[in-house]
Amino acid sequence: MKIVFYGAGNMASAIFIGMIENCVVAPSDIYLTSRSMQEKIMFFKENLGVNVSYDDQDLLKDADYVILASKPQSFPSVADRIRPYLEPETKVVSVMAGTQIKTIRRELKTENPIARIMPNTNAMVQHSVNGISYSGNFTDRDELIELMESFGTTVTVEEDEMHNITAATGSGSAFLYYIYEMYAESLMELGFDEEEAMFLTRNLVIGAGKMVEDSELSFSDLRKNITSKHGTTEAGLDALDGDGLKRILIKTLNAAASRSEELSKDDE
Ligand SMILES: NC(=O)C1=CN([C@@H]2O[C@H](COP(=O)(O)OP(=O)(O)OC[C@H]3O[C@@H](n4cnc5c(N)ncnc54)[C@H](OP(=O)(O)O)[C@@H]3O)[C@@H](O)[C@H]2O)C=CC1
Ligand SMILES: O=C(O)[C@@H]1CCC=N1
């Protein structure tokens, strides 16, 4: 197997580290290239044993998959590198938010099979939620799904549903991290020092995550198990509801999904 990543940043590295740690590919199956950060990419070569090259012809020769993992705004420069050497059998897989299959096809001037995936950086711990959609001629889907399930769970969606998946799970962890960040800052308002606030929040999040993983109870039942009638939790939850947490979250998700739609229109 030869999997070539154009881009070795946060998302690409979470994917190839997830794949390697789960032994679904050997480090020698992975080929990395980037724009400029040779130092960072050499770290992966030295520590993981993956291949690194800036020779596009060499990179794309006999490639099974080419993964487009730059920012959408850098895609034209990535396409310029790939276009001359892309072989007809190579499957193209994009992680770029908001870049449509038809745009990838147009920029690469190719009829190759193309899939869009929307993972998240939890791929690094094999817990990404991956949205996936395909071009009509992407027939060999099982192998790609197997590769993706090495770093998380996969849901197949129509391409126009990618905007919502991008908001819900692509960006979703960042929204949760922000809530944890604000929680820790609020603990400091309560009187804890920074170290205590971080320690308490971190362990609270880890414990809650493990409960979600291990328990069959719904979020709502887990919450109810903590909430005594007329107790402290009920008092806190009433304040949270009063400030409209759900309304804020809906606004957050709509803003992210709309930005994905805007990105997809930028390139029309
Ligand atoms: N971060 C996330 O949580 C998620 C990101 N995504 C998508 O993943 C993509 C990458 O995001 P992220 O990893 O965060 O971004 P990063 O900025 O961390 O990484 C971008 C990578 O693209 C490389 N690059 C830029 N131009 C070129 C080029 N011409 N040729 C080869 N490589 C190039 C950069 O190289 P250099 O460092 O040398 O500039 C860098 O390695 C985005 O399209 C984003 O929408 C999707 C889901 C989640
Ligand atoms: O912020 C972004 O645009 C990318 C897509 C999903 C997560 N990060």
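Figure 1. Strands β1 (residues 3-6) and β2 pair in the parallel sense over four bridges; strands pair if DSSP finds at least two bridges between them. From β1 the chain crosses through helix α1 (residues 10-21) to β2 in a right-handed β-α-β crossover, right-handed meaning that the path from the first strand over the helix to the second runs clockwise with the strands pointing away from the viewer. Helices (H or I, at least four residues) and strands (E, at least two) are DSSP runs, numbered from the N terminus. The model is predicted: local features need pLDDT of at least 70 and side-chain atom pairs pLDDT 80 or more, while totals for chains, interfaces and linings use all residues. Residues are numbered from 1 along each chain as its sequence is written, and chains are lettered from A and ligands numbered from 1 in the order written.

**Figure 2. Strand β2 (residues 30-33) has buried residues on both sides.** I30 and L32 point one way, Y31 and T33 the other. Buried means that 20 or more other C-beta atoms, placed from the backbone, lie within 10 Å of the residue's own.

**Figure 3. Strand β3 (residues 51-52) runs parallel to β2, joined by two bridges.** L32 stands opposite V52 in β3.

**Figure 4. A97, T166, G170 and S171 surround ligand 2.** Each has its C-beta atom, placed from the backbone, within 6 Å of the ligand. The shell comprises one nonpolar residue, three polar and no charged, with Gly counted as polar and Ala as nonpolar.

Key:
Buried ≥ 20, exposed ≤ 12 C-beta atoms within 10 Å, placed from the backbone.
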